[in-house]
Structures are given as structure tokens and as C-alpha cells.
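Trainee: I'm new to this one. Could you walk me through it with a few questions and answers?

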Amino acid sequence: MTQTVAVLGTGKIGEALLSGMIRAGWRPADLLVTARRSERAEELRTRYGVESVTNAEAAKRADILILAVKPQDMGRLLEELTPHITPERLVISAAAGITTGFIEDRLAARTPVVRVMPNTPVLVDEGMSVISAGSHATTDHLAAAEAIFGGVGKTLRVPESQQDAATALSGSGPAYFYFLVEAMTDAGILLGLPRAQAHDLIVQAAIGAAVMLRDSGEHPVKLREAVTSPAGTTISAIRELENHGVRAALIAALEAARDRSRELASGNG
């Protein structure tokens, strides 16, 4: 049976999901969107052929509701939705730090909720979305979430207790790579390369390394060792990275991101 899906909150992530679903074969007639501004609603109607509705109307009509609003807006949104959502609906939250329990406590008893943490590469169909079931979500509900988020990348099921760690590693992960590319670009300039050339060299090295990691099945240590010749340039660079505690710094950074995710989940914004 055809299901109607509503995307509530059509910022970058919400629109990426919408466009990914259409590319994956969802009919625009089965998709609803909400937007705060009328100009934004018209833009989405024109671009995707979907219907723009109010939050309350979306809750009444949709079988699956994707809540893609900012975490600080979730409480107010749920106040609008609660009178209209029955346990036959599936509610999917893509808001960072919002637990399934937070949502379940504000909806009708036994409403299924699935929590998803996507990262920004969903904008280019290369995202990773980490999926967790709430108290009343079944494997069918998880599969429904995977069908939606799988259109913009890969998905991974984890217990909700692991969501904070996944947020630190995957949700925030792209920023670490951008930071590394920025630093390496500066180093390339210091070594005498024009900025544009340094950037192109590093970006292609990053893409090639990522594809090899994904497709070879080899452990990263083995791939690194394949580049590291005895007494060569690479081992000299690796020694300096170790001397400056880069590995320890990364571990500490990820622990800090996990701890901040826990704080946000507990309401300590």
C-alpha cells in the first residue's frame, strides 16, 4: 500500500531527504512538506511538485512524519502535532540530541518513534544515517526509515545508547576531515604550492584514500603501510604526527563531542 510521507522542516537536510526520496522512486503526490515561509513553500512546490501543508495537516494526513527541525524547535513542534498523531503513524526524528523518549513522552501512548542521525554528505547522496528504534518501533518501522534515508547514502542500525558515540564519529565526522584538509592546504602553501593546487592535490588524495578504504576491505594500517617506505618521506611525516600527539588529540576530540551530545540529549543546551 502506498504511504504518504511528510517532511516537517525543509532546511538543507530536509530538502536533501525530499529530493533523495524522489530520485529513489517516491511519487511527489505521496510527499508532503511544511515550511515556515510561504516563499520557501512555493519554491519546494515548483522544484519538486510536492504539496506544502501546515504541520497539523501533515500530522493528520501522513503515514510517516519526518521531523527535520532544529533541536530547539522540537518541543514546540510536538505541541502542534500531538493532538493529531495516532499510534498508527510512524514518527522519525532527524534532530540531533533529541531522544526517542523525549518524543514518546509527548505523543499518544505506543506511538512508534525512530531516531536518525544523518550527516551533511546526505546533500551529495554520500551520507551516513545512524538509526535507532524507540520503545514501540518494530523492525518494519526501522526498514521504513532505512528506505527513506538509504536514498541519500548508507544507513546503520545501532542501539540508542550508542547514538552519542555515533554522533561524535559520524554526525560531526565530516567537519574533522574539512579541518584536516584546511590544515594540509596551509601546509602546502608553506611548502611553496599555490592554494588552488594544494587544495586540488589534497582533495583528490582524500577521495582516492576514501574509495580505497571502502572498496579494498583492507585495514587502514595495511593501506598506510603500503605508502610508508623505509626511511622515506611518509614515515618522517608519521613520526611528527605521533610526536605532536595527533592520535591522542583525535581521541580526546571525539570524547568531547560524545560528551556534548549527551549534554544536549539531557536538555543541557
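Predicted model: local features only at pLDDT ≥ 70, side-chain atom pairs only at ≥ 80, totals over all residues.

Trainee: Where is Leu-241 placed?

Mentor: Leu-241 belongs to a nonpolar surface patch of about 240 Å², made together with Val-246 and Leu-250. As for its place, that's residues 233-243, in helix H11.

Trainee: How many salt bridges does the structure hold?

Mentor: To count, a side-chain nitrogen of Lys or Arg has to be within 4 Å of a carboxyl oxygen of Asp or Glu. Glu-218 and Lys-222 pass that at 3.6 Å, N to O. The structure's total is 22.

Trainee: Glu-160 and Arg-115 meet in a salt bridge. How many residues apart in sequence are the parts this pair ties together?

Mentor: The N to O distance there is 3.0 Å. Glu-160 lies in the loop between strand S8 (153-157) and helix H7 (163-171), and Arg-115 in strand S6 (residues 113-117), so the parts tied together are apart in sequence by 45 residues.

Trainee: Which residue forms a salt bridge with Asp-259?

Mentor: Asp-259 is partly exposed, with a relative accessible area of 32%. Its partner is partly exposed at 26%, and the closest N and O atoms are 2.8 Å apart. The partner is Arg-258.

Note on methods. Residues numbered from 1 in each chain as written. Heavy atoms only, no water. Patch = residues over 30% accessible without salt bridge, like charges linked within 9 Å, V, L, I, M, F, W, Y side chains within 5 Å. Areas by Shrake-Rupley, 256 points an atom, 1.4 Å probe, with all protein chains shown as cover. Helix = DSSP H or I, 4+ residues; strand = E, 2+ residues; numbered from the N terminus. Buried < 20%, exposed > 50% of the residue type's maximum accessible area, 1.4 Å probe, protein only.
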